[in-house]
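I opened this notebook to keep track of what I looked up, one topic at a time. The entries follow the order in which I turned to each part.

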Amino acid sequence: MLLEIQGLASHYGRIQALDGIEVRVGEGELVALVGANGAGKTTLLRCVSGVQPATAGAIRFDGHDITRMPADRRVALGIAQVPEGRQMFGPLSVEDNLRLGAYRRHGDDVEADLARMYGMFPILRQKKDLPAGTLSGGQQQMLAIARALMSRPRLLLLDEPSMGLAPLLVAEIFKAVQALKDEGTTIFLVEQNAYAALAIADRGYVLETGSVVMSDQGAALLADERVKEAYLGL
Amino acid sequence: MFAEFLQYVFAGLTSGAIYALAGLGFAIIYNASHVINFAQGEFIMIGGMSTATMVAAGIPLPVAAAAAVLVTMLVGVALEKFAVEPAKGADVTAIVIITIGASIFLRGAAQVVWDKEFHALPAFSGETPIAVLGATLMPQSVWVVGVSMAVIALLWWFFNRTLFGKAMLATSFNRLAAQLVGIGVKKVLMVSFALSAMLGAVGGIVVTPITFTNYEAGIMLGLKGFSAAVLGGLGNGLGAIVGGLVVGIAEALASGYLSSAYKDAIAFVIILLVLFFMPSGLFGKKGTDRV
Ligand SMILES: Nc1ncnc2c1ncn2[C@@H]1O[C@H](COP(=O)(O)OP(=O)(O)OP(=O)(O)O)[C@@H](O)[C@H]1O
Ligand SMILES: [Mg+2]
């Protein structure tokens, strides 16, 4: 298993946001995490990236115990996150945002990866000298994904990449996620758009008020009556 | 008439350059941590005092100056490591108060290491005034302005052309995103204190031949640097530079045309006016190019 989460709990002050989380993501898998507003999806990803402390349990990545490891070292190990709300370095140029994505890599070919990102998202090349803050929501989402990929992650965490985007752009983002999976990138995808996420996922977890309440193959969850009713609006 | 005006402007630019450096010091630390470091003035004092002592002991000026900058940077790093970092998680106001405490401590330490006397440093290239359009310009003023400009250019290069400099800017724009791309925000904080200490020290060294220095010299210079930073819009590098020059020239004109009794009041008047009428300063929060 590339990522193994055991008995994870996390708190905001006295409020418990996660409790007894058990999640596993294997090399090359696309695993979806779905759940309602406030279920704790973002908190779980923040714990994996190390920007939110775990109050109990353990997180293992590629065999290393990373539960207490600082965030910057986790990036060096190969964990990258596309955070909720895109989180641009707004006044910095698009290209600087991308180069900072490769901050933890040294020497090896950053230029080639830049070219690869521009190939994947041509609009970013057109806008490369503009401040990231001037891009549209969809363009910023592409930049956020490309910035995370610049670290050549072994595990890509995506937090609601389709949020707030027009349907056409949502389709484009999901296409990009699918393409990354096909290239062999391991992906842990958080989505409120449960249908689209489970449709492309190998496996899925359902999170409710801080706990995993179901986990199964993506297709099986899509067919599950309770999931259909609660998350797919069917 | 014009010569007199020019004379005041020269004086204003000279002190304004020092305020600009101090203001930049405030801005850099503010950007990294949202802390206002009230020990900034003490960096100026330590830079000047250490150089004066070493030069008096016969060490050549360039060596003494370099060593003094290094010593001050170490003090800055120690301040971050032992006073600011342990308080992480505390309210920003609490940390600001810690820096006020640190400034008092540093003044006390300076009295112990040195004394309460004024210390002088010879002018770097003589005292022969240069005549400019009827006004006179002291060679040391040229040093002050020239060295300040060189340091500012260096900073500009660092923040706009190096990956680590950009990482520092990135951290100030979005701390969460900075952590998620692997920037060590602790290291950013430490380097911001080192850079601010460097700025203060350089200012203190070049200005000491004009003003002399003693253990309290940092109080006024620090407050004026702070008013420069506030005037420019806290956290805005270009703003701090412009703010420093405005404060310097305003006080030179006020003490020239009104009375020198008003000189030190000007900086405070400026702080108050800015806080009342334009709390985000001349350059607000919108500027995208920060030094
Ligand atoms: N900074 C915070 N301080 C206090 N409580 C928080 C904080 N962030 C999140 N919470 C709480 O923790 C719980 C989980 O929030 P989280 O953001 O992880 O949910 P989510 O599943 O990502 O929701 P959404 O779908 O809205 O993004 C919620 O009850 C939320 O109110
Ligand atoms: Mg969320």
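**Entry 1, a helix of chain B.** I kept in mind from the start that this is a predicted model. I began with helix 2 of chain B, which covers residues 40-56, and found that its 17 residues reach 25 Å from the first C-alpha to the last, close to the 24 Å expected at 1.5 Å a residue. I then asked how many residues of this helix are buried. The count is 14 of 17, and I noted helix 2 of chain B as mostly covered. Looking at what comes after the helix, I found B:Gly58, whose phi is positive, near 95°.

Next I looked up B:Phe38, which is found in the loop between helix 1 (2-33) and helix 2 of chain B. Is B:Phe38 buried or exposed? It counts as buried because it has 22 C-beta neighbours inside 10 Å, where 20 or more are needed. Leaving aside residues up to four places away in sequence, I listed what B:Phe38 touches, namely B:Val96, B:Thr99, B:Ile100, B:Ser103 and B:Gly222. I also looked up B:Ala57, 19 residues from B:Phe38 along the chain, and noted that the C-alpha atoms of the two are separated by 31 Å.

I turned to the contact between the chains, which takes 23 residues from chain A and 16 residues from chain B. On the side of chain A that touches chain B, the elements giving two or more residues are helix 2 (71-77) and helix 3 (94-101) of chain A. I sorted the residues of this side by class and wrote down 12 nonpolar, 6 polar and 5 charged.

I traced an open sheet of 6 strands in chain A, in the order 6-7-8-3-9-10 and with mixed pairing. Strand 6 (79-82) and strand 10 (211-217) stand at its edges with a single partner strand each, so one side of each is left without a neighbour in the sheet. Direction ignored, neighbouring strands are turned by 15° against each other on average.

Within this sheet, strand 3 (residues 30-35) and strand 9 (residues 203-208) of chain A pair in the parallel sense over 5 bridges, and I noted A:Tyr205 in strand 9 as the bridge partner of A:Leu33.

Helix 6 (residues 137-149) of chain A touches strand 6 and strand 7 (155-159), and its direction makes about 175° with that of strand 6. Helix 7 (residues 167-182) of chain A touches strand 3, strand 7 and strand 8 (186-191), and its direction makes about 155° with that of strand 8.

Strand 6 runs parallel to strand 7 of chain A, joined by 4 bridges, and A:Ile79 stands opposite A:Leu155 of strand 7.

Note on methods: Residues numbered from 1 in each chain as written. Chains lettered and ligands numbered in written order. Predicted model: local features only at pLDDT ≥ 70, side-chain atom pairs only at ≥ 80, totals over all residues. Expected span 1.5 Å × (residues − 1). Buried ≥ 20, exposed ≤ 12 C-beta atoms within 10 Å, placed from the backbone. Contact = placed C-beta atoms within 7 Å. Nonpolar A, V, L, I, M, F, W, Y, C, P; charged D, E, K, R; others polar. Pairing = 2+ DSSP bridges. Axes fitted to C-alpha atoms, helices over the stretch in contact; angles between N-to-C directions.
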